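Please keep the model open while reading.

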Amino acid sequence: MVQKATRLGGRSRTGRPLGNTTRGTTNPNRMRRVDRWMTGSQGWRLRPETTGAPPIAVDLGFGASPATAVEFYERVRAISPTARVFGIEIEPERVARGVALHLEGLDFRLGGFEIPIESDATVIRAFNVLRQYDESDVPGIWETMAGRLTEHGMIIEGTCDEIGRRSSWVTLTKGGPQTLSISLRFGAFTRPSDVAERLPKALIHRNISGERIHDFLTAADAAWLSAAPLATFGNKQRWVSMCRALRESGWPICDSASRWRLGEVTVKWEAVAPRSGALALAEPN
C-alpha cells in the first residue's frame with residue numbers, strides 16, 4: 001500500500017505512485033456506455049480545433065487487463081486520430097501487460113493520481129477506482145487529478161457494474177465537479193434508482209433521505225413510473241418522457257432527446273451534490 005489519498009496534494013515526494021492498489025477487476029467492453037458519452041456529448045474536447053495540439057487521453061487504473069485501455073484508445077482515436085493515449089496503473093505487472101501490446105499512440109505508465117505524463121491531459125477517465133477509497137479521500141484525489149488538466153480538459157470519474165449495464169459518473173474540470181451522468185441499458189433495470197449501488201464514491205453513501213441525490217433518484221423513479229403507458233412504444237420513448245418530465249419539474253437536466261434515447265440522463269452537479277461532509281454544497285440562494 002502506498003500513500004493514502006488524504007495525503008495527496010501534488011506529486012509524490014518519494015517518487016512512488018499516489019494511490020493504493022485496487023482489485024483490478026475488469027471485463028472487455030465494460031466501459032462502452034461512458035466512452036460513448038465521452039466521444040459523443042464531450043467529443044468536442046478531443047478535437048484539434050479545441051485543443052490546438054494532439055489531445056492526450058488517460059485511462060487511469062485500467063486494471064489487471066489492458067483490454068479497457070485498448071478500447072479507450074480505439075474510441076478516442078476514432079474521433080481524434082492524432083490523440084495520444086496513456087494507460088496508467090499502480091502495479092508494475094499490469095503495466096507490463098500493456099507495454100507488451102506495442103500499439104502506436106498508446107503508452108502504458110506506472111503511476112497513480114499524480115498522472116505521470118509530460119503534458120497535461122485533455123481527458124482523464126478514472127473508472128471503478130475511487131470506489132475502493134473512503135469518501136473523505138475524494139476531494140483530495142479530485143484536486144490532484146484536476147491539476148493535470150488542460151484548459152478545456154475534463155475528468156470522468158465513476159463506477160459501473162461488471163459488464164457495463166449500469167453506469168454513473170461525475171464530470172469535473174479545473175473548476176470542480178460539473179455534472180452527474182447515469183446510463184442504464186434498457187431491460188437491465190426496473191427503476192432508475194437501481195443505479196444506486198453503482199453511484200460514484202462521492203454520492204454512493206448519500207442516497208438517504210435529506211440528501212439531493214436521494215431526491216433526484218426518487219423524482220426519476222416517479223417520472224419513470226408515470227411514463228409507464230409509453231412502454232408500449234418502447235423503453236426509449238418512456239425514458240425520454242422521464243427526462244422531459246424531470247426538466248419540466250425544475251431539475252437542471254442537460255443534453256437532449258438524442259442522448260436520452262441511449263438510456264442516459266445528465267444533471268448539473270449542484271442538483272445532486274452532498275449536503276454534508278467534505279463534498280457538501282450549500283443550498284443555492
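The second largest pocket is lined by Trp 37, Ser 41, Gln 42, Trp 44, Arg 45, Thr 171, Thr 173, Gln 178, Thr 179, Cys 254, Asp 255 and Thr 266. A pocket here is an open set of points on a 1 Å grid over the protein atoms alone, where a 1.4 Å probe fits, with protein on both sides within 12 Å along at least five of seven lines, and lining residues have an atom within 4 Å of a point. The model is a predicted one, in which local features need pLDDT of at least 70 and side-chain atom pairs count only at pLDDT 80 or more, whereas totals for chains, interfaces and linings use all residues. Residues are numbered from 1 along each chain as its sequence is written, and side-chain values use heavy atoms, with hydrogens and water left out.

Strand S6 (166–173) and strand S7 (176–184) are the elements that give two or more residues to the lining of this second largest pocket, strands being DSSP runs of E with at least two residues and helices runs of H or I with at least four, numbered from the N terminus. The volume of the pocket, taken as the space filled by probe spheres set on grid points joined across faces, edges and corners, is about 170 Å³.

A cavity is a set of grid points where the 1.4 Å probe fits but cannot get out, and the whole structure holds two cavities of 30 Å³ or more. The largest cavity has about 110 Å³ of space, and of its 14 lining residues, Asn 20, Gly 61, Glu 89, Ile 90 and Val 129 are the closest to its centre.

The second largest cavity, with a volume of about 40 Å³, is lined by Ile 182, Pro 192, Phe 216, Leu 217, Ala 220, Trp 239, Met 242, Leu 246 and Val 265. Helix H7 (212–226) and helix H8 (235–248) are the elements that give two or more residues to this lining.

Not counting residues up to four places away in sequence, Phe 216 touches Ile 182, Leu 246, Trp 251, Ile 253, Val 267 and Val 272, contact meaning heavy atoms within 4.5 Å.
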